Each structure stands twice: as C-alpha cells, then as structure tokens.
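Hi,

Here is the structure I promised to pass on.

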Amino acid sequence: MGNFSQKIDKFIEIFIDQNGYVRVTEGLKNTLLIAVCGLIIGILIGTIIATVRVLPKYKLLPRVLNGICSFYVALFRGTPMVVQLLVFYYVLLPLIGWNINGVQVSMLVFGLNSGAYISEIMRSGIQSVDPGQMEAGRAVGLSFGASMTKIVIPQAVKNILPTLGNEFISLIKETSVVSFVGAADLYVAFNYIGTNNYEFMVPYLVMALIYIALVLVITLLIKILERSLKKSDRRN
C-alpha cells in the first residue's frame, strides 16, 4: 500500500508541480477534436455514399457511382486505422504537397474512415424507413433528392442514433493511435508523465478512467437526445 502511495505522489508531482496537467489538457482537447471532426466528416461522407447506394440502378451513372462508393467502403473498412494514418501522413499528403500537422491528418483520416462505416449504418437506416414515405414525397412534387433530405434521411437518423453514438465512442477510443503521426493525444500526455518518473501504473490508470468517463458522458448525452426525439414523435 505504501508503495502505491509513493507512485501516486510521483504522479501528482509530475502532474501538478511540473505542469503535466497542461499536456493532459492539450491531449484531451486533441482527442475530442479528432473524434468530433471525424464524426462530422464521417456523417457527411456516409450520408452521400448511402444515398448513392440506394439510388435506382437503371442508368449507367448510378451504377458507376455505386461501384466507386463500394470500392471506397471496402478500402477503408479493409485496412487498419494505423495503416491509413501512416499512408496519408508519410506517402499521400507529401506526394500532393499538403503540409498539415498530425492532428489535422488524424481528423481527415478519421473522417474518411468513419464515412465508410457510417455509410453502411446510414444505408440500413434509410432502408428501414417505410418506402411509402419516399412515394409520398414524390407524389407532392418533391424531387428524389429533396424527398431524401427532407423526409427519409431525418427519419433514418432517428433510427440509427444509438449506432452513431457507438461510432463516436469507437472514434474516441481509436484516437490512442494518432501518436504514430506525431499528434499529442491523451496517450501521449500520460506516456510523458510516466516516462518522466519511470512509473507508468498510475498514469495509465488515470488515463483509463478518463476514457471511461468520456464514454459514460457520451452515452448519457445520446440517451437524453433519444428521449427528446421520442417526445417530439409523440407530440407529432
């Protein structure tokens, strides 16, 4: 017990006296920034891909677009996040002359990766909506695109909200790999504290607790949002 208290004292010394909390705050900010931006980009990309994949395939253009989207989804779902980060940071972006830092690369790659997964989630959500909703929109004179954006997709989002919450939680946890491209996330911050006092047990335990707290808060927010959407449905 005394040994563990010494470990805590060493952690507090680095965390407070040597400004370790500054790195932790910066790491937490970057972790949330990467996850939130990744989710937003993923929702935009995923919605576009899902819409393309549910288009009628009577003409050539929808079939070509569907093939491109299928390749995109297979590519990003079939390779690990770390590999995607390394390829973008060290190969693709230098080739096209983009000079952006590790956090920005991480936001981009997380968004592209998340878009592949959310496209499948969104596609199942769109298909869960009663086809009569689309037919009703077309019957009152709305185009296919307007019917999708104003009628079908809002209902699909309600259906897949818990799954989107799970995707956000996955993004939060996966940010622990962004250190491979020099981004300072929570892992980097607590690894710095552990390296400075040659004691990793307490820093890693605190890091795990922070991740658990983030997941619990996100889960609570998703439940609150679900309740509010159910109330609005009852009022309607």
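Just after helix α8, Tyr198 takes a positive phi of about 55°. Helices here are DSSP runs of H or I with at least four residues, and strands are runs of E with at least two, numbered from the N terminus.

Before you read on: this is a predicted model, where local features need pLDDT of at least 70, side-chain atom pairs count only at pLDDT 80 or more, and totals for chains, interfaces and linings use all residues. Residues are numbered from 1 along each chain as its sequence is written, and side-chain values use heavy atoms, with hydrogens and water left out.

Back to α8: its buried residues are Leu186, Ala189, Phe190, Ile193, Gly194 and Asn197. Buried means under 20% relative accessible area, exposed over 50%, and partly exposed in between (1.4 Å probe, protein chains only). These residues lie on the same side of α8 because they cover an arc of only 130° around the axis, taken from the directions from the helix axis to the C-beta atoms.

Phe190 also belongs to the largest nonpolar core, which has 55 residues, and is among those that touch the most other members. Such a core is a set of buried Ala, Val, Leu, Ile, Met, Phe, Trp, Tyr and Cys residues joined through side-chain atoms within 4.5 Å. Its largest share, 11 residues, comes from α5.

Ser114 is in α5 too (residues 102-128), and counts as buried because its relative accessibility is 0%.

Enjoy exploring!
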